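Reader: I'd like to go through this model with you before I set anything up. Could you take my questions as they come?

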Amino acid sequence: MAVQIEDVDESKLEELQGKVITDVAGSLGLLIGYLGDQLDLYSALAEISPATSQELAENTGIKERYLREWLSANAAGGYIEYDPALQTFSMTPEQTMIFAAEGNPNCMQGFFQAVVSAYTDVPKATEAFRTGEGIPWGDHSECLFCGTERFFRPMYAANLIESWIPALEGVKEKLEAGAKVADVGCGHGSSTIILAQAFPNSTFHGFDLHGPSIDHAREHARAAGVANNTIFEVSTATEYPGNNYDLVAIFDALHDMGDPVGATKHVASTLAEGGTFMLVEPFAEDNLEDNSHPLGQIYYSFSTTVCVPNSLSQEVGLALGAQAGEKRLTDVLNEGGLGQVRCAAKTPTNMVLEARA
Ligand SMILES: C[S@@+](CC[C@H](N)C(=O)[O-])C[C@H]1O[C@@H](n2cnc3c(N)ncnc32)[C@H](O)[C@@H]1O
């Protein structure tokens, strides 16, 4: 479709071009970063820094010519350091943390992996826009599930036991004494396993409709030594079995669901008397204009290609989106029968709502 363009403001054009060029550089920086992650190049460089491309080649067994170009792209983007006199490359502690410190909340590699999956799945998103159909979570490329786990787990590890659980009324004490807990939409089970390790007297039931994620969760639980107090099952949020749960939690998944009100009703019906629903969602203000910053752009973009399509693939298809905000989420919880809702904790990336009947 040809568009007519008149009255172009040259300075605004230049400003936008500058922004877009920065974004294009960033999108390729992320690709270069992910390539380094998949080949373990950042850890290798950090270990032998400073090093020439030849030394890194000898250390990794990868062809020097590939490495020289990859190192140059990294140096041009400020991801690593370059000494022109010695022609060596090195990594500062901060660069090592961002690119090579797996498990550290500052490490961005899981984030990169999830973005790569969004690029991989562009044909599916294009088709979904054309047809209006949804895309089930399980139809995405494998790196979405792994990227989500790698990105979320360190944030849960940093916050869940230290601050989110203590921020809920009376929950920590119940978990210490021995409680029954459901983690709904648990994915690879990161949150379930962190909780199970911290509270060995309690029993944790992880539910997710994606079978392969549940298989991973079981394996991870075995490896983490919590197979005896975790049970993982394939089930949906509106149908998962059991009742009398002292705590039901949903981590970064309610907005992905087709029927979040139905899910809340089911949560309410399975809670023990005095039980708590902990809802962890991406941090968002209530209005688009207040979410117009890089993190908001990131969340809305993932939401466009992953969260909204997943919700539209299920019954009801409410499609809350990843930036629903506290007010909209509170309305959903109220509609689902949980009348007492308060924001218990916030981080720059997440908000934790506590809901009770
Ligand atoms: C963004 S992932 C979050 C996974 C996990 N809670 C975490 O924080 O790592 C969303 C998860 O919700 C699950 N999911 C989506 N709709 C669901 C539904 N209706 N019932 C149960 N799980 C659902 C997906 O399969 C996926 O594992």
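Reader: Let me start with Glu 133: does it count as buried or exposed, and at what relative accessibility?

Author: Bearing in mind that this is a predicted model, Glu 133 counts as exposed, with a relative accessibility of 54%. Glu 133 sits in the loop that runs between helix H7 (122–131) and H8.

Reader: And how far is the C-alpha of Glu 133 from that of Pro 309?

Author: The two C-alpha atoms are separated by 7.5 Å, although Glu 133 and Pro 309 are 176 residues apart along the chain.

Reader: Switching to the ligand, how many residues surround it, and which are the closest?

Author: The ligand is surrounded by 19 residues, and the closest of these are Tyr 156, Gly 185, Asp 208, Phe 251 and Gln 314. By class, the shell divides into nine nonpolar, seven polar and three charged residues.

Reader: Which atoms of Tyr 156, Phe 251 and Gln 314 come up against the ligand?

Author: For Tyr 156 it is a polar side-chain atom, which lies 2.5 Å from an oxygen atom of the ligand. Phe 251 takes part through its backbone, where a polar atom is 2.8 Å from a nitrogen atom of the ligand, while Gln 314 places a polar side-chain atom 2.9 Å from a ligand nitrogen.

Reader: How much of the ligand's area does the protein bury?

Author: The protein buries 96% of the 600 Å² that the ligand exposes when taken alone.

Reader: Back to the protein itself, which residues touch the most other members in the largest nonpolar core?

Author: That core has 57 residues, and those touching the most other members are Ile 165, Leu 175, Phe 251 and Met 278.

Reader: Which helix gives the most to the core?

Author: Helix H8, covering residues 142–164, gives the most, with seven residues.

Reader: Where does the core lie relative to the domains, and why?

Author: It lies between domain 1 (30–99) and domain 2 (160–356), because both of them give residues to it. The C-alpha centres of these two domains are 38 Å apart.

Reader: Then what is phi for Asp 252 and for Ala 319?

Author: Both values are positive in residues that are not glycine: phi of Asp 252 is near 45 degrees, and that of Ala 319 is about 50 degrees. Asp 252 belongs to the loop between strand E6 (245–251) and helix H12 (260–270), whereas Ala 319 is found in the loop between H13 and helix H14 (326–335).

Reader: How accessible are those two?

Author: Asp 252 is buried, with a relative accessible area of 8%, and Ala 319 is partly exposed, with a value of 24%.

Reader: One more: where is Asn 291, and what does its side chain reach?

Author: Asn 291 is in the loop between strand E7 (271–282) and helix H13 (294–312), and its side chain reaches the backbone nitrogen of Glu 285 at 2.8 Å. With a relative accessible area of 2%, Asn 291 is buried, because buried here means under 20%.

Conventions: Residues are numbered from 1 along each chain as its sequence is written. This is a predicted model: local features need pLDDT of at least 70, side-chain atom pairs count only at pLDDT 80 or more; totals for chains, interfaces and linings use all residues. Side-chain values use heavy atoms; hydrogens and water are left out. A residue is near a molecule or strand if one of its heavy atoms lies within 4 Å of it. A polar contact is a pair of N or O atoms within 3.5 Å; within protein, one must be able to donate a hydrogen and the other to accept it, and residues adjacent in sequence count only if both atoms are side-chain atoms. Accessible areas come from the Shrake-Rupley method with a 1.4 Å probe; for residues, only the protein chains shown count as cover. Ala, Val, Leu, Ile, Met, Phe, Trp, Tyr, Cys and Pro count as nonpolar, Asp, Glu, Lys and Arg as charged, and the others, Gly among them, as polar. A nonpolar core is a set of buried Ala, Val, Leu, Ile, Met, Phe, Trp, Tyr and Cys residues joined through side-chain atoms within 4.5 Å. Buried means under 20% relative accessible area, exposed over 50%, partly exposed in between (1.4 Å probe, protein chains only). Helices (H or I, at least four residues) and strands (E, at least two) are DSSP runs, numbered from the N terminus. Domain bounds come from an automatic or database domain assignment.
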